[in-house]
Amino acid sequence: MSDALIYLDNNATTAVAPECIAAMTASLRDFYGNPSSKHASGEAAKSQTLAARAQVAALLGASPAEIVFTSGGTEAIHQAILGALALAPGKRRMVTSQVEHPATLLLLEHLASSQDLDVVYLPVDKDGRLDLAELDSAITADTALVSLMWANNETGVLFPIAEAAALAAAKGVLIHSDAVQAAGKLPIDLKQVPLDFLSLSGHKLHGPKGVGALFVRKGRKIPPLLFGHQERGRRGSTENVPGIVGLGVAAELAAAGLQTDEAQVAGLRDRLESGLLAALPGSSITGAGAPRLAGTSSLNLGGIEAEIVLDKLDKAGVCASAGAACSAGGTEASHVLLAMGLTAEAALSTIRFSLGRYNTAAEIDRVIRLLPSIVQTALAEAA
Ligand code: PLP
């Protein structure tokens, strides 16, 4: 990839940290044994996975035995949801929100139609906030699981997960959080937050793709999605050792740099937002009134089609997105923005910039210079 490329799509995926690449390369080269094998090569690979398990656990304030490695965020989310249903066979209700990632929503839609599950989709306000009183009244004795994202991938808006977890715990109902966008970006201490399950993904925190983790609180014996003896029977299939090693290093780097990364990224995000808002009349930031992730900015351009602007940005070497990556290419208005009360036109006029550890002030300044002229050209072309 060209050095000149300005990558502002870190919520879609992140650049793999050089430290992860080095550790993964060594793992591929030197630690190719099967962690289940009893010989020296297998033991060496096993000790790599043990180290990574401790690194991921440390990022979350969990114990290593509570970490199950998966193929990514989606698998972790699915195991939590299906596992919670299996733990509470008589309960037919799930509580979630309207703004979850498709990894959650599509599974719940499938379960609702195929298994007669009653899914409650909690609304959000115009800033993307969840109302805890509504959550409270949605949790009934018939609820198998509450599943709420920690940070929204499109707007960065944070849900009050600690309070939600306390509420669910007080009612004796299991709760899972999709923390794919939160893990490694803000402090998470599962000793303080009584979640039963939490999902994360390697490629969102400068680790590799195709690896993630599910936190399963001690004592919650959920069944696997893949049967086998690996991961103490909680996830079959020979371990993706290099991926797991990469995730472990990414977790350790994130934990070590949490405060500095967050402050630096927030500073760049504020610089980007104030520069663009000043230069683009009619623009606004969606979700700005709520607590947000440091690096996510959902910019409403005020009418002009985002796809056209993004295409021009791309040609100028700037990567951003119109919404969730998995819907990129489509022109449907984002379900997240619609749930926040935006019109379809406003939702389709939204660009998501998501910043990360490796962005610089010079890159942000270049985008602040570039975007207004791109919008001008797009407007002139449309006229
Ligand atoms: N949840 C959220 C909030 C996400 O942003 C994503 C990825 O975009 C996922 C889940 C899915 O994670 P993965 O790509 O590792 O399956």
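**Ligand shell and domain contact**

Mentor: A backbone N or O atom of Gly73 lies 2.8 Å from an oxygen atom of the ligand. A polar contact here is a pair of N or O atoms within 3.5 Å.

Trainee: What kind of model is this?

Mentor: The model is predicted; local features need pLDDT of at least 70, side-chain atom pairs count only at pLDDT 80 or more, and totals for chains, interfaces and linings use all residues. Residues are numbered from 1 along each chain as its sequence is written, and side-chain values use heavy atoms, with hydrogens and water left out.

Trainee: Which side chains have a polar atom by a ligand oxygen?

Mentor: Ser201 has one at 2.6 Å from an oxygen atom of the ligand, and Gln181 has one at 2.8 Å. The protein covers 85% of the 390 Å² of accessible area (Shrake-Rupley, 1.4 Å probe) that the ligand has on its own.

Trainee: How many residues surround the ligand?

Mentor: 13, counting those with a heavy atom within 4 Å. Gly73 and Lys204 are among the closest.

Trainee: And which helix gives the largest share of that shell?

Mentor: Helix H3, residues 73-87, with 3 residues. Helices are DSSP runs (H or I, at least four residues), numbered from the N terminus.

Trainee: Switching topic, how is the chain divided?

Mentor: Into domain 1 (6-14 + 258-382) and domain 2 (18-254), with bounds from an automatic or database domain assignment. Their contact, meaning heavy atoms within 4.5 Å, takes 29 residues from domain 1 and 35 residues from domain 2.

Trainee: How far apart are the C-alpha centres?

Mentor: The centres of domain 1 and domain 2 lie 27 Å apart.

Technical notes
A polar contact is a pair of N or O atoms within 3.5 Å; within protein, one must be able to donate a hydrogen and the other to accept it, and residues adjacent in sequence count only if both atoms are side-chain atoms. Helices (H or I, at least four residues) and strands (E, at least two) are DSSP runs, numbered from the N terminus.
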